[in-house]
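Welcome to this short tour. Please have a look at the sequence and the structure below, then read on for a guided walk through some of the details.

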Amino acid sequence: MINLLKRLMYTQGVSGREGDISKVIEKEISPFVSEIWNDKIGNLIAHKKGNGKRILIYTNMDECGFFVNHIDENGLIRVCSTRGLNYDAAIYSDVVSENGVCGILIPETLGEKPTYENVFIDIGAKSKKEAQRRVSVMDSFTCVPRLKKLGATKYSGRPLNNRIGCLALIEAIKAIKDNENDLYFVFTTHAQAENYGSKTAVYSIAPDIIISVSIAKRECSDIKLGMGAGIKIKDIRAACSLSVIEMLRSLAEENKIKYQYEADEISGYDLSLVRSVAHGAEIGAISIPCENSHTTAEVIDIDDVKNVIKLIEVLK
Amino acid sequence: MKKIKELLKGLTDIVAVSGKEKDAHTEVLALCEGVFDETYTDKVGNLVMIKRSSKKNAPRLMLDAHLDEIGFCVTKILDGGFLKVSALGGINTRILPSSEVVICGKEKIRGVFSSVPPHLSRGKNEKGTPELKDLLVDTGYTKQELEKIVSIGDRVACRGELYELSNSYVVSKSLDNRSCACALIDMASRAERDKLEYDLYVVLSAHEETGNMLARVAAYDIKPDIAIITDVNFAREHGLKSKETIECEKGPSVDISSSTDRDISRRILEIASLCKLDCQTVVEVSSTGTNNERIMLSGEGVKTAVMSIPLKFMHSYSEIVNLKDIATLSDILLAFAYAPKEEL
Amino acid sequence: MKKLLKRLCSAFGPTGNEKRVAAVIKDIIGSENVFEDKMGNIVARIASEGKPKLFLSAHMDEVGFMVTEITDSGMIGFGAVGGFDPIVLLSKRVISERGVLGAITSKPIHLMSDEEKKTRTEIDDMYIDIGARSREEALELVSIGDYFCFFSDLVELGGDFIKAKAIDDRGGCAILCSVYNELKDKADRLEYDLYFAFTIREETGKSGVNYISERYNPDYAIVVEGTTANDLYNTPEHKKIARTGCGPAMSFMDGATIYDRAFTKEIMSRCDKEEIKYQIKGFTFAGTDAASYQRGADGAKVAIFSLPVRYIHSQASVVKLEDIESTRKAIIASVSKKEIK
């Protein structure tokens with residue numbers, strides 16, 4: 001499982017550039033699903049046919065990153081970035097482009113709060129020409145991926161957010177056999193750009209129930225690492241459907257899955273968006289506790305992930 | 001006026017915090033006995049009540065008022081019988097210490113928000129605005145007893161029964177937006193099928209206060225020819241700018257906005273003035289801050305107008321509204337529904 | 001093209017009140033295969049059944065003002081419909097939907113305290129003076145809720161540049177009208193089932209594109225928009241966003257959309273082949289109608305041609321005619337069958 005996680009994390013897929021990561025996931029799950037396809041904006045949709053309720057389970061497969069915006073005369077690269085990019089945490093990091101060009105992210109002047117306007121990527125080019133041979137405007141960069149074991153069950157690295165969600169869905173897809181419910185698993189695009197990948201998938205599938213699987217930031221709620229899968233009660237914009245909360249709780253108890261509740265008081269966007277698409281749907285969410293989200297030192301507990309996988313499995 | 005007051009009393013007695021509207025639908029329907037031809041609750045918790053015109057294939061007029069009220073949900077059950085809650089909707093935390101709540105668990109129980117007595121607070125908490133995370137709901141039960149009644153996620157509502165003040169003003173909780181729900185039900189109950197130019201779709205919608213505005217889903221299903229969204233708006237009070245507010249006792253307002261349909265807005269104003277009914281205007285330049293912005297964007301588009309009732313002390317449990325304004329809104333909407341649909 | 005631009009730019013059409021612009025467009029492109037939806041979008045089609053649906057899209061609305069109050073002294077208070085830097089408003093002339101002229105005024109500098117002089121004048125402190133002496137007089141000419149927009153004519157500057165109001169996005173409308181008239185009898189040469197959308201309510205973000213997505217569910221969309229050209233003297237290169245005279249700007253990302261890369265690259269390679277000028281736009285936080293196409297219904301692949309416009313969202317926006325011509329060519333190259341030159 002950790003090997004697969006590493007493979008997912010080391011495949012770059014900035015928002016709008018999810019082609020490679022989508023292929024890795026597709027290869028992994030296609031023997032286990034009835035049908036699988038990419039929709040118009042790149043969401044990877046896997047269907048495990050059943051005759052019961054139509055449930056859509058989604059997680060995002062993209063990550064935060066930079067795009068090359070301009071190359072200066074001296075060969076330094078100016079960037080812009082997806083939402084959610086934490087410049088304070090990224091400054092002075094190693095970065096790598098989608099084509100494998102290595103560089104470092106440095107500030108223009110010392111002491112200023114870093115934003116996209118005052119940082120550069122230095123790839124060691126001596127001139128604009130030399131830089132242009134290796135990168136083009138529009139190319140994506142991310143901080144270099146890493147994964148380290150931290151103690152007995154914790155892991156640290158990036159981008160755990162949200163390849164860990166992808167891992168959970170993949171493992172659940174592999175484990176589910178003879179499902180009664182009609183299950184659609186969606187690996188969404190564009191989550192770091194207002195999260196609208198999920199919206200188009202919901203529109204075309206029109207599910208009865210939508211379940212989001214994503215990391216829960218420890219700083220936004222009382223959720224704790226190692227205390228089990230999170231069942232979301234609400235986020236800042238949406239209160240989850242009480243029927244879904246109750247369904248997840250009773251499934252967890254029946255199957256002896258360790259769980260905790262999560263009420264996000266600070267963040268949250270896509271649940272409120274997807275619930276009112278077209279004819280509407282009930283919503284709920286399963287969370288994976290995570291610390292230091294959107295940095296190069298994101299931390300998760302693999303035991304929580306195992307509980308999340310089990311909880312997805314029993315949705316069958 | 002007495003009939004409206006009784007209906008409003010019935011409606012404000014109902015607890016319907018965002019996300020838990022479905023439970024309230026039975027109580028609402030009991031108040032609307034015999035008024036509608038058909039009612040249903042959709043997937044996301046909107047209550048749709050239909051009264052048809054006796055004309056065949058009449059155009060569809062959707063009248064929307066959100067049913068939900070601001071409130072809280074339980075996030076933790078603590079030792080000593082206290083609850084931690086999280087806000088659903090824009091809660092003014094200043095008014096919470098020592099206010100009363102109803103907790104909708106397996107049964108309804110009462111509670112009080114904690115407060116710090118002045119002897120202890122002196123010198124601290126100078127900002128004067130308590131944060132919800134520092135407040136507890138005190139129920140008096142033990143933790144073990146509470147766990148049998150209350151589950152995580154259960155809704156908590158402020159308590160504030162309706163009372164009549166002088167000059168037809170009433171004070172209550174959740175007048176935002178039961179005032180408009182009351183006008184819509186009253187209007188539908190008086191509407192005569194033979195005179196109706198439209199099939200009426202009264203939608204008491206869900207999740208407005210949390211900003212999810214699920215009325216969009218109802219509009220997607222109904223595909224109305226016209227939708228009129230009714231909600232409350234700030235009444236003119238001390239300290240509020242005149243251009244952002246409307247006046248009590250001058251009837252409802254039509255909200256003029258770049259997001260609403262100008263012809264329908266104008267038509268409502270014309271009809272009101274023709275029938276000598278009080279109606280005012282307020283400008284909400286680009287957004288009205290109501291369900292309108294979601295309904296207008298639903299499906300292939302919906303032509304909308306927004307009407308508001310002036311309300312004082314919004315988002316408190318002592319909101320104040322004048323019954324006459326509710327009655328006038330009901331009258332104007334009825335006149336609109338009787339008037340033939342122009343080519344708009 | 002100049003004539004087209006003049007007709008379209010001078011039409012009155014702030015967000016939510018686009019009917020007069022729609023009338024002009026219908027007059028230009030005729031009524032055959034042209035459809036107006038109930039909300040006011042106009043969609044024209046050059047039909048080729050069975051091919052993928054591509055929408056070319058420009059919005060009809062412009063930034064403007066709405067009357068929010070009329071003071072006892074007959075001055076008109078207003079709110080902004082769309083995004084303004086209040087700094088561009090003072091002492092500009094404006095006209096109402098009923099043809100009432102006025103000027104935007106505020107406290108004269110002589111009367112300002114030292115403190116006030118240091119702060120910017122906000123829209124709340126500005127009024128439109130229509131010459132009325134009292135509230136009663138003003139009410140005869142203007143009602144609460146009336147629209148105003150800039151009163152500004154089209155003027156030719158030097159170097160192929162043109163100044164007008166509302167070039168964002170009547171420039172796009174003009175290009176689309178001209179492309180439509182050119183291609184309408186040539187469906188067999190097109191790679192797509194081609195639609196032309198003239199849309200409403202872009203400037204306040206409640207875009208009419210939502211209705212189009214629901215009704216037509218496009219496979220592709222190319223938005224033709226006005227964008228900030230900040231190519232002024234002594235602006236650092238990387239802050240110019242887009243440059244005049246360099247052709248339409250294609251974006252890889254803006255504040256609301258990450259554009260489809262394969263589709264964008266395909267268009268770029270076609271432009272390269274035919275030696276049509278284009279540029280890659282720098283990042284800005286602004287969003288466009290492309291966002292609504294990309295996430296509407298079950299989604300669409302999107303790209304954008306932004307017309308570089310200086311001083312956008314002011315009464316005197318400036319555009320280079322050469323860029324309009326390049327954009328027109330780029331669009332034709334993008335939608336034609338590959339083998340046909």
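## A helix inside chain A

Helix 6 of chain A, residues 197–205, has 8 of its 9 residues buried, so it is largely enclosed by the rest of the structure. Keep in mind as you look around that this is a predicted model.

Which residues of helix 6 of chain A are buried? They are A:Gly197, A:Ser198, A:Lys199, A:Thr200, A:Ala201, A:Val202, A:Tyr203 and A:Ile205. Just past the end of helix 6 of chain A comes A:Ala206, with a positive phi of about 50 degrees.

## Chain A as a whole

Stepping back, chain A holds 9 helices and 17 strands. Its radius of gyration is 20 Å, close to the 20 Å that the globule rule gives for 316 residues, so chain A is as compact as a globular protein of that length.

How much of chain A counts as buried? The share is 63% of its 316 residues. Looking at contacts in chain A with a separation of 6 or more, 74% come from residues 24 or more positions apart.

The side chains of chain A include 40 positive and 42 negative ones, and the centres of these two sets lie 3 Å apart.

Chain C has a secondary structure of 9 helices and 17 strands. With a radius of gyration of 21 Å, close to the 20 Å from the globule rule for 341 residues, chain C is as compact as a globular protein of that length. A box of roughly 70 × 45 × 35 Å, taken along the principal axes, is filled by the C-alpha atoms of chain C.

In chain C, 62% of the 341 residues are buried. Of the contacts in chain C between residues at least 6 apart in sequence, 77% join residues at least 24 apart. Chain C carries 47 positive and 52 negative side chains, with the centres of the two sets 4 Å apart.

Here are the accessible surfaces of these chains.

| Chain | Accessible surface | Share from carbon and sulfur atoms |
|---|---|---|
| Chain A | about 11600 Å² | 49% |
| Chain C | about 13200 Å² | 50% |

## Domains in chains A and B

Where do the domains of chain A lie? The domain assignment gives domain 1 as 2–63 + 159–313 and domain 2 as 66–144. The centres of domain 1 and domain 2 of chain A, taken over C-alpha atoms, are 31 Å apart. Between them, 11 residues of domain 1 of chain A are in contact with 15 residues of domain 2 of chain A.

Chain B is also divided, into domain 1 (2–69 + 173–338) and domain 2 (71–158). For chain B, 31 Å separate the centres of domain 1 and domain 2, again over C-alpha atoms. Here 13 residues of domain 1 of chain B are in contact with 14 residues of domain 2 of chain B.

## A threonine in chain B

One last stop is B:Thr93, in the loop between strand 5 (82–88) and strand 6 (100–104) of chain B. Is B:Thr93 buried or exposed? B:Thr93 has 19% relative accessibility and buried means under 20%, so this residue counts as buried. Leaving aside residues up to four places away in sequence, B:Thr93 touches B:Pro130 and B:Leu132.

Technical notes: Residues are numbered from 1 along each chain as its sequence is written. Chains are lettered from A and ligands numbered from 1 in the order in which they are written. This is a predicted model: local features need pLDDT of at least 70, side-chain atom pairs count only at pLDDT 80 or more; totals for chains, interfaces and linings use all residues. Side-chain values use heavy atoms; hydrogens and water are left out. Helices (H or I, at least four residues) and strands (E, at least two) are DSSP runs, numbered from the N terminus. The radius of gyration is taken over C-alpha atoms; the globule rule is 2.2 Å times the number of residues to the power 0.38. Buried means under 20% relative accessible area, exposed over 50%, partly exposed in between (1.4 Å probe, protein chains only). Contact means heavy atoms within 4.5 Å. Accessible areas come from the Shrake-Rupley method with a 1.4 Å probe; for residues, only the protein chains shown count as cover. Lys and Arg count as positive and Asp and Glu as negative; His and the chain ends are not counted. The place of a charge is taken as NZ of Lys, CZ of Arg, CG of Asp or CD of Glu. Domain bounds come from an automatic or database domain assignment.
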